[in-house]
Amino acid sequence: MRFTLVLLLLLPLMAGCASNDGFIEEETIDASAGGSDVTIELVGLEKPLPTASELTFLVEVSNNSDADITVTKVVVRPFGNDSVFVIDRAQVGPNEVIEEGKAEVFRVRTRGEERRRMRDNERPTAVVSVSVSLLGGATYESQFAVEVPVQRF
């Protein structure tokens, strides 16, 4: 009898935990596909010296929709396992409005290092994933391979 009573008391609690009500569901959209409401481009990489580990990614976010959007987060993180150069995950939270048909460039600072020695005729590249989160829960994502200036010995 006690077991049945405990089970009956726990059942609504467990059902409530399984529900998504009250939470914003995030949707991830491939921004590299044509026709997307948001386009992500990696328009630059700043590295003060070839021997320095600091990097700044310049991420351009274009609003291709017919309404203003609010960018709440821009994240740059490593993608894949075979890059010569690997970066630390980094993000900015600008909470910036981009008007319809306009674009903004966000600066995302991070650190990086060579993961392994380069093979003959190989370029020092880092493969990264860039995601842009918008107010309302949608996240747009794209991957890039970028050449990183490194000191060769």
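User: Is Arg-107 buried, partly exposed or exposed?

Analyst: Please note at the outset that this is a predicted model. A residue is read as buried under 20% relative accessible area and as exposed over 50%, with partly exposed in between. Arg-107 has a relative accessible area of 44%, so it is partly exposed.

User: With which side chain does Arg-107 meet in a salt bridge?

Analyst: The general idea is that side chains of opposite charge can pair when their charged atoms come close. Here the side chain of Arg-107 forms a salt bridge with that of Glu-46, at 2.8 Å from N to O. The two belong to distant parts of the chain, for Arg-107 is in strand β8 and Glu-46 in strand β2, 61 residues apart. Glu-46 has a relative accessible area of 32% and is therefore partly exposed.

User: How many salt bridges does the count come to?

Analyst: The count is five. Among them is the pair of Glu-54 and Arg-111, whose closest N and O atoms are 2.8 Å apart. This pair links strand β3, which holds Glu-54, to strand β8, which holds Arg-111, across 57 residues. Arg-111 also has a polar contact of 2.8 Å with the side chain of Ser-53, a residue in the loop between β2 and β3.

User: Which residue forms a salt bridge with Arg-77?

Analyst: That residue is Glu-141, and the closest N and O atoms are 2.6 Å apart. Because Arg-77 lies in strand β4 and Glu-141 in strand β10, the pair ties together parts 64 residues apart in sequence. Arg-77 is partly exposed at 29%, whereas Glu-141 is buried at 18%.

User: Which residues touch the most other members of the largest nonpolar core?

Analyst: In soluble globular proteins, nonpolar side chains tend to be buried together. In this model the largest nonpolar core has 29 residues, and Phe-57, Val-59 and Val-128 touch the most other members. Strand β9 gives the largest share, five residues. Beyond its neighbours within four places in sequence, Val-128 is in contact with residues including Leu-42, Phe-57, Val-76 and Phe-144.

User: Is Phe-85 buried or exposed?

Analyst: Phe-85 has 4% relative accessibility, so it counts as buried. This residue lies in strand β5. Leaving out residues up to four places away in sequence, Phe-85 touches Leu-55, Ala-126 and Val-148, among others.

Definitions and conventions: Residues numbered from 1 in each chain as written. Predicted model: local features only at pLDDT ≥ 70, side-chain atom pairs only at ≥ 80, totals over all residues. Heavy atoms only, no water. Helix = DSSP H or I, 4+ residues; strand = E, 2+ residues; numbered from the N terminus. Buried < 20%, exposed > 50% of the residue type's maximum accessible area, 1.4 Å probe, protein only. Contact = heavy atoms within 4.5 Å. Core = buried A, V, L, I, M, F, W, Y, C linked by side-chain atoms within 4.5 Å. Polar contact = N/O pair within 3.5 Å; in protein donor to acceptor, adjacent residues only side chain to side chain. Salt bridge = Lys/Arg side-chain N within 4 Å of Asp/Glu carboxyl O.
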